[in-house]
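Please keep the sequence and the structure in view while reading.

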Amino acid sequence: MATIPSHALRHLTLTRPWLRKISCTTSPAFSSQDPLLTYPDNSNNNDTDHTKKTTNSKSQAFFPKKNQVLELECESLAFKGKGVCKVADSGFVLLCDNALPGERFIGRVSRKKGSYAEVTKLKTLSPHRDLVDAPCGYASYCGGCKTQNLSYEAQLRAKEQQVRELVIHVGKFSDKNPDFECIMKPIVPCDVQFHYRNKMEFSFGTQKWLPKEVLHEKPDGIDNYALGLHAPGYFDKILNVDKCLLQSEPANKILATVQDNWKDPELGLSPYNVHSHTGFLKHLVLRTGRDMKTDLPELMVNFVTSSYKPEMLKPLVEKISAIPEVVGVKYANFVNVDLLYFVYMVSIMNNVNTSVGNTSVGEEEYTLYGKSTITESLGGLTFQISANSFFQTNTHQAEVLYKLIEDCAGPRGDASEIVLDLFCGTGTIGLTLAKKAKHVYGYEVVAQAVADAHRNAKLNGISNTTFLQGDLNKIDENFGKHFPKPDIVISDPNRPGMHMKLIKFLLRLKAPKIVYVSCNPATCARDIDYLCHGVMEQNIKGCYKLKSIQPVDMFPHTPHIECVCLLELC
Ligand SMILES: C[S@@+](CC[C@H](N)C(=O)[O-])C[C@H]1O[C@@H](n2cnc3c(N)ncnc32)[C@H](O)[C@@H]1O
């Protein structure tokens, strides 16, 4: 899989402007009466004196020391949802996990990283603005929903602001330009803020993560087993969860059933131990699709195990297929059509993964119950999803995203245009555009995804598509010889963005339109800068004009931001 291209790392590290430029207010002086002054890690240094000195003397530059304790105020959110705070006078930036805009807190400097430092929050002094009650009981421990206790409007504002800062400071598009406000579109909210994920991956583990207050309990054996989500910062500790508000209710019923039964000593099931590499159960992956005829959810349960022992999983399979609301019926056994309206189809799979790594993709796959795929619809097309297929995780918002992509691409609709779908995955974007195009050419590195794209094209009766496997980080001068010059390029890379080789190719190709879809606004801003302004150090000229950049909230309560950008040839 792709790694971050070195030019990308270098550029982002050198500029890091979102750290330098974000304006924050002065932090009030740290109170010497606060009991945290005697915090153990801080007891042997006089850093708090230094803090006081700095906040009192306006002219002095301030560089915090490791373990120094400070009183801070979070001003905004940055990449990965970290809270941005700034030291008075010097503007030195500190990033803090789980700090939200407006929150005043005591933090300890945990890491210094050149032009900024990371802080661990020790105690909240006053809560952030726009505080709401997080509906999920796990929200403050689980790393998934970092902003569930921030009102949704405030989450949207923070995300929009973050994209704006990146476009200005990394993308080098001036907000003084009269066109800027037209280019920078307001964020598209997600109408469905809970139960929107169609896939969740839970892990089994031998070490339950416990909050500080109950750490003394020290459970062992079965009491220490857990099924849930990795606790932030731990590869071996699992936060036990009975339900997740981001996945569908039927999927939660399955999770609760597995939780109620898997530790039963009579079943003899053991979780995989990531230290000793022993044990059987590794992951539980739950996917929710949709039956196209009834519009009811379809469910897939995938047990990822370290070996193939179907008899061990049989009791769990029986329990799941007996859940009244999730009646599993073998597809071939359907005789009563009316029954379709009362059941969710269930597929129970077993992926066997013998490696010591943490992946949920198996080397072998077995069907334990029902069919081996579930279906989902997107952009008016039907997709068959197998246990390891990539599919947009928020189907509802993916419809919105794909509509925006199509609006940007603006196909003429007379079947005369060539579309190049870079990083095409299972072909979903290209396939939704195919009906209006002459031909779609898709490129993707994962062979299984390319095979799924072919299957999806066939399933939907689409014959004007060609999907090819290829690593877009390793293209050479022959790339581009196998397809005609495209009228529209869609590029949807994963987080590292586009490799410089691909940027150079696009600048030579000069397609009239590029629709850049990105799940990482930082690399997106960098790449649109290259495409529009060129790469000075390499004497490469840009030849595109940024027409619009549209942030889209695909994942409420999490730091993720999607953007759709339209670039037109100058
Ligand atoms: C964000 S996903 C987009 C998938 C697809 N466009 C969609 O909407 O479902 C990025 C895709 O790029 C693929 N990818 C990552 N690195 C790649 C590379 N170096 N060359 C080609 N494809 C790559 C991934 O496997 C993944 O399918």
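## Helix α10

In this predicted model, helix α10 covers residues 447–459. Its 13 residues, at 1.5 Å a residue, should span 18 Å, and the C-alpha atoms at its ends are 18 Å apart, so expectation and model agree.

The buried residues of α10 are A449, V450, D452, A453, N456 and A457. Viewed down the axis of α10, these buried residues fall within an arc of 160 degrees and therefore line one face of the helix. The face turned away from the buried side carries the exposed residues A447 and K458.

## Surroundings of α10

The cover over the buried residues of α10 includes the strands β14 (381–386), β16 (439–444) and β17 (465–469), together with helix α9 (428–434). After α10 comes G461, which has a positive phi, near 65 degrees.

## The seven-stranded sheet

An open sheet is formed by 7 strands in the order β8-β7-β6-β9-β10-β11-β12, with mixed pairing. At the edges stand β8 (238–240) and β12 (364–369); each has a single partner strand, so one side of each lacks a neighbour in the sheet. From one strand to the next, the twist averages 35 degrees.

Strand β7 (residues 226–230) pairs with β8 in the antiparallel sense, over 3 bridges. Within this pair, G228 stands opposite N240 in β8.

## A helix on the sheet

Helix α6 (residues 249–261) packs on the sheet and touches β6 (199–205), β7, β9 (281–290) and β10 (297–305). The direction of α6 makes about 155 degrees with that of β9.

Note on methods: Residues are numbered from 1 along each chain as its sequence is written. This is a predicted model: local features need pLDDT of at least 70, side-chain atom pairs count only at pLDDT 80 or more; totals for chains, interfaces and linings use all residues. Helices (H or I, at least four residues) and strands (E, at least two) are DSSP runs, numbered from the N terminus. The expected span of a helix is 1.5 Å times one less than its number of residues. A residue is buried if 20 or more other C-beta atoms lie within 10 Å of its own, exposed if 12 or fewer, and partly exposed in between; C-beta atoms are placed from the backbone. The arc is that of the directions from the helix axis to the C-beta atoms. Two residues are in contact if their C-beta atoms, placed from the backbone, lie within 7 Å. Two strands pair if DSSP finds at least two bridges between them. Axes are lines fitted to C-alpha atoms, for helices over the stretch in contact, and angles run from 0 to 180 degrees between N-to-C directions.
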